[in-house]
Amino acid sequence: MLDYFDGFAERYQPYKDGAWCYEDGCIYRGLELLHQATGEARWRDHLIRLASAQVASDGMLSGYDPEDYNIDNILSGRVLFALDRWTGDPRWMAAAERLGAQLARHPRTAGGSYWHKKIYPQQVWLDGLYMGLPFQIQLAQHRGDQRAVQDALAQLAEAFRLTLRPDGLCAHGYDAVRGQDWADPETGQSASAWARALGWQAMALVDCAELVGRAEFAAAGLAVPTTALLARLVALQAPDGGWFQVIDMPDLPGNYTESSATAMLAYALMSAAPLGLAPAGADLAATRALTFLRGRLKGRTPGDAVQLAGICHVAGLGGFSGRYRDGSPGYYLTEQIVSDDAKGTGPLMMAAAREWQAAAQAA
């Protein structure tokens with residue numbers, strides 16, 4: 001699998017024509033964790049090469065407009081702290097401060113949660129928890145700003161309150177003003193539990209717990225609901241080791257086991273274990289998920305570069321590219337399925353790094 005990652009990084013092209021974006025951040029985070037786990041210079045070198053093309057000497061970020069108030073644009077900033085440690089180049093923390101300035105002005109709901117984007121006002125999506133909150137904690141710790149740490153943890157807890165459904169899963173999105181057709185008029189929640197949205201949420205929870213430590217995470221009221229959510233996800237794992245695109249509806253016609261969500265949940269379950277947050281069966285579920293994902297690594301013809309298949313290209317809520325995404329279970333099955341998308345390969349890198357760490361510690 002490491003050879004696949006090396007080849008992928010070698011040929012990787014920026015996801016959005018070089019503009020700073022969260023998709024590249026998925027790969028950057030994977031490379032950071034692979035270097036951390038293995039100590040191999042190739043992962044660090046790939047990351048420095050790729051990120052250097054997007055961050056100017058004064059910390060300006062390619063194609064980045066803070067006035068978009070797009071929480072997605074924060075994610076790639078997570079690697080800036082490692083890049084600063086490795087190189088000492090001031091550009092990295094200058095860039096981090098630019099992203100921090102966006103968060104300082106980012107619009108919020110009345111309850112204190114960041115809007116997903118300016119174009120999606122008053123909306124909280126599970127995706128945004130991973131995009132913004134771990135970075136906020138890292139920057140706050142760098143600055144010694146405990147108030148901002150607590151704000152991030154409070155937003156994680158608020159997201160549980162806003163999106164938690166009676167079945168123990170969380171809805172993909174929440175509309176604070178019930179202005180969207182996809183929002184339930186009573187709860188404000190979208191109609192479905194989308195696997196990748198839950199993957200983003202699960203990764204945000206374990207990463208924030210790792211950053212602050214279990215005691216502070218528990219004091220914020222997050223430990224018990226995190227373990228409960230992970231237990232519910234373990235129970236929903238499909239027989240082949242993946243998780244379904246519409247995670248709680250295995251019999252929905254056209255439903256399929258989706259690779260990016262499976263990689264994210266494998267990573268989250270393995271990360272939860274050393275934090276004391278893993279539910280019963282987490283280790284076996286993560287192992288089965290990685291076996292499933294290895295089976296998805298294949299060339300389309302003999303001699304082709306190996307690719308990770310079965311990735312939902314994109315999904316969301318509301319207007320996008322001339323159509324309205326209504327959040328119904330059937331909607332999530334209409335999106336294109338692709339191979340080697342950063343949203344799948346990046347989390348697989350992260351999961352493989354956790355597997356490598358666990359094996360090294362057991363040896």
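Predicted model: local features only at pLDDT ≥ 70, side-chain atom pairs only at ≥ 80, totals over all residues.

Me: Is α2 roughly parallel or antiparallel to α3?
Reply: The axes of α2 (residues 22–38) and α3 (residues 41–52) come within 7 Å and cross at roughly 155 degrees. Angles over 145 count as roughly antiparallel, so α2 and α3 are roughly antiparallel.

Me: In which hand does α2 pass α3, and how many residues of each class are in the contact?
Reply: The crossing of α2 past α3 is left-handed. On the α2 side the contact uses Y28, L31, E32, L34, H35 and T38, and α3 brings A41, W43, R44, H46, L47, L50 and A51. Sorted by class, that contact has two charged, three polar and eight nonpolar residues.

Me: Now the loops. Which backbone oxygen lies 2.9 Å from a polar side-chain atom of Q245?
Reply: Q245 sits in the loop between β3 (243–244) and β4 (257–258), and it's buried, at 0% relative accessible area. Leaving out residues up to four places away in sequence, Q245 touches several residues, among them W194, N255, C312 and Y332. The backbone oxygen 2.9 Å from that polar side-chain atom belongs to Y332.

Me: And W182: buried or exposed?
Reply: W182 is in the loop between β2 (173–175) and α8 (195–212). Its relative accessibility is 4%, and under 20% means buried, so W182 is buried.

Conventions
Residues numbered from 1 in each chain as written. Heavy atoms only, no water. Axes fitted to C-alpha atoms, helices over the stretch in contact; angles between N-to-C directions. Helix = DSSP H or I, 4+ residues; strand = E, 2+ residues; numbered from the N terminus. Parallel < 35°, antiparallel > 145°, perpendicular 65-115°, else oblique. Left-handed = near helix turned anticlockwise from the far one by under 90°. Contact = heavy atoms within 4.5 Å. Nonpolar A, V, L, I, M, F, W, Y, C, P; charged D, E, K, R; others polar. Buried < 20%, exposed > 50% of the residue type's maximum accessible area, 1.4 Å probe, protein only. Polar contact = N/O pair within 3.5 Å; in protein donor to acceptor, adjacent residues only side chain to side chain.
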